[in-house]
Amino acid sequence: MKNKDLNLIRWGIIGCGDVTEKKSGPAYKQTEGFELKAVMRRNPERAEDYAKRHGVPKFFSDADALIHDNEVDAVYIATPPDSHMAYALRVAEAGKPCCIEKPMARNYKECLAINQAFEDRGIPLFVAYYRRTLPRFQQVRSWLKEGAIGTVRHINWTLHQGPNATDLSREYNWRTDINIAPGGYFDDLASHGIDLFCFLLGDIREASGSSLNQQGLYSAPDAVTGSWQHKSGVTGSGSWNFGCSIDMDRVEIFGSRGSISFAIFKDEKLSLQTGSESKEISIVHPDPIQLPHVREMKRVLLTSNDNHPSTGKSAMHTAWFMDQILSN
């Protein structure tokens with residue numbers, strides 16, 4: 001970082017899509033010690049519009065111009081996953097810390113190349129699996145660490161949704177284009193929960209699964225099932241189907257003395273069951289939702305050498321896990 005002010009990191013964003021409008025962009029502006037200095041979008045008019053609406057001093061239509069700008073110390077890549085590797089390797093070559101929107105890349109092989117580039121240069125790399133830092137899931141982690149349900153035996157996640165209006169219209173959506181997101185909504189949505197499970201229960205020893213397209217509405221799979229085993233011996237299973245009539249988002253963790261249930265996306269209470277006793281807790285997400293994740297990056301970059309909960313290394317393991325379930 002060339003910035004002479006060691007207490008300030010000036011960020012540039014590549015890609016100004018929906019995720020940066022409310023979830024992430026404002027978090028960089030609201031974090032003391034971070035400044036959102038520049039944004040890039042291939043369409044210059046849209047880049048300028050975003051910059052003006054969010055009070056960002058600089059805007060570009062060329063990614064390399066942002067990456068090599070002397071007033072940009074670190075880069076957040078928020079484009080579709082097919083371009084993550086190309087941009088990330090250029091950021092690593094420029095010697096700047098980076099945060100990549102999830103999923104880290106299209107597959108484990110690309111994630112491996114990205115992570116290696118940053119490790120070889122000793123540059124921090126983060127991935128926006130922000131659920132690891134959310135208070136709601138920190139509470140689940142605390143219950144597990146305290147042994148509230150005894151020895152953990154099994155985790156199951158059912159995520160079922162119906163097709164949305166864009167799906168039914170067959171209008172193009174990069175999230176369901178198999179060349180950009182090989183797992184479709186599994187990549188876009190299920191990756192959040194899968195990464196969280198690794199955070200809660202540790203890395204995966206082995207995993208397998210199957211995927212197919214049942215509806216024929218787009219090129220990516222819309223039905224995925226999987227099973228896995230954590231290195232700790234905890235078993236897991238999941239069903240992710242995006243053509244169902246009933247919406248369901250339910251995670252259940254079973255232990256030797258009780259269970260914990262919660263939703264990954266829905267705003268529902270956490271439930272702890274132990275014998276005949278039950279406890280429900282409602283924890284509201286922060287606004288913007290990526291604020292704890294971004295503030296943890298600030299802590300790592302400006303105040304300590306501790307690891308961030310979501311790094312290139314942890315996201316690389318998540319990508320391997322997802323590849324196993326998709327049978328890639």
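User: What makes two strands count as paired?

Analyst: Two strands pair if DSSP finds at least two bridges between them. Strands are DSSP runs of E, at least two residues long, and helices are runs of H or I, at least four residues long, both numbered from the N terminus. In this predicted model, four bridges join strand S1 (residues 9-14) to strand S4 (residues 74-77). Because the definition asks for at least two bridges, S1 and S4, with four bridges, are a pair. The two strands run parallel, and the bridge partner of Trp11 in S4 is Ala74.

User: Which residues and values are used for this?

Analyst: Residues are numbered from 1 along each chain as its sequence is written, and side-chain values use heavy atoms, with hydrogens and water left out. As this is a predicted model, local features need pLDDT of at least 70 and side-chain atom pairs count only at pLDDT 80 or more, while totals for chains, interfaces and linings use all residues.

User: What makes S3 and S6 edge strands?

Analyst: The order in the open sheet of six strands is S3-S2-S1-S4-S5-S6, with parallel pairing. Strand S3 (58-60) and strand S6 (125-127) each have a single partner strand, so one side of each is left without a neighbour in the sheet.

User: Why is Arg136 called buried?

Analyst: Buried means under 20% relative accessible area, exposed over 50%, and partly exposed in between (1.4 Å probe, protein chains only). Arg136 has 1% relative accessibility, so Arg136 counts as buried. Arg136 is found in helix H7 (residues 135-146).

User: How do you know that Arg136 makes a polar contact with Ile283?

Analyst: A polar contact is a pair of N or O atoms within 3.5 Å; within protein, one must be able to donate a hydrogen and the other to accept it, and residues adjacent in sequence count only if both atoms are side-chain atoms. The side chain of Arg136 reaches the backbone oxygen of Ile283 at 2.8 Å. That distance, 2.8 Å, meets the limit of within 3.5 Å.
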